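Welcome, and thanks for taking a look at this one with me. Please keep the sequence and the 3D view open side by side as you read.

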Amino acid sequence: MKSEPQEEHRWLEQLLGEWTSEDSTGSAEASGPWVENVRSMQGLWVVCEGQGTMPDGNPGQTLMTLGFNPLTGRYVGTWVGSMMTHMWVYDGEIEDDGKTLALNCEGPDFENPGRSARYQDRITLIDANRRTLTARVQAEDGSWKEMMQAEYRRQ
């Protein structure tokens, strides 16, 4: 079995490299600086490995995988972090602006234990050396509430 990268896989290659980020929400509980290394797996997947300081001062690690499934026409991926036991499974698409990858997922509702909620992580390319990651949760009325935003700068 041999798959060849598609145009959609090439969009993900814009994320390759070493990045630093800081929580830009202005929250008093903001985390410290993070370093994220993004590498390619033969042009079909990108692997984003992050590490830094959590809001409580403890170290944290994250691992995100992103790819594109030509059969479904959707971006797919996962996210895990050392601060929780849930594996987030992504299903997403590039928005009409061509610069934002919207990744939908479900997970534990942080405000209502025992329930699940819909979330969306949004990777937005600002330019070749800057991007943002915005995490938001869907409210019962269908609107989206921003939980966190971090700005990344290429090193």
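Here are a few numbered points to guide you through the core, a pocket and some salt bridges.

1. A word of orientation before the details: this is a predicted model.

2. Start with the inside. The largest nonpolar core holds 25 residues, and strand β8 (residues 116-127) contributes the most to this core, with four residues. Leu12, Leu15, Met64, Leu66, Tyr90, Leu101 and Ile123 have the most contacts within the core.

3. Next, find the second largest pocket, with a volume of about 340 Å³. Its lining has 15 residues, and Asp109, Ala117, Val137, Gln138 and Ala139 are the closest to the centre. Strand β8 turns up here too, giving the largest share of the lining, four residues. By class, the lining has six nonpolar, three polar and six charged residues.

4. Now for the charged pairs, of which the model has ten salt bridges. Arg74 pairs with Asp91 at 2.7 Å, N to O. Arg74 sits in strand β5 and Asp91 in strand β6, so this pair ties together parts 17 residues apart in sequence. Arg74 also forms a salt bridge with Glu93, at 3.0 Å.

5. Finally, look at the loops. Arg115 and Glu140 meet in a salt bridge at 4.0 Å, N to O. Arg115 lies between β7 and β8, and Glu140 between β9 and β10, so the pair links parts 25 residues apart in sequence. Glu140 counts as exposed because its relative accessibility is 74%.

Technical notes: Residues numbered from 1 in each chain as written. Predicted model: local features only at pLDDT ≥ 70, side-chain atom pairs only at ≥ 80, totals over all residues. Heavy atoms only, no water. Core = buried A, V, L, I, M, F, W, Y, C linked by side-chain atoms within 4.5 Å. Buried < 20%, exposed > 50% of the residue type's maximum accessible area, 1.4 Å probe, protein only. Helix = DSSP H or I, 4+ residues; strand = E, 2+ residues; numbered from the N terminus. 1 Å grid on protein atoms, 1.4 Å probe; cavity = no way out; pocket = protein on both sides within 12 Å on 5 of 7 lines; lining within 4 Å. Points joined across faces, edges and corners; volume = space filled by probe spheres on them. Nonpolar A, V, L, I, M, F, W, Y, C, P; charged D, E, K, R; others polar. Salt bridge = Lys/Arg side-chain N within 4 Å of Asp/Glu carboxyl O.
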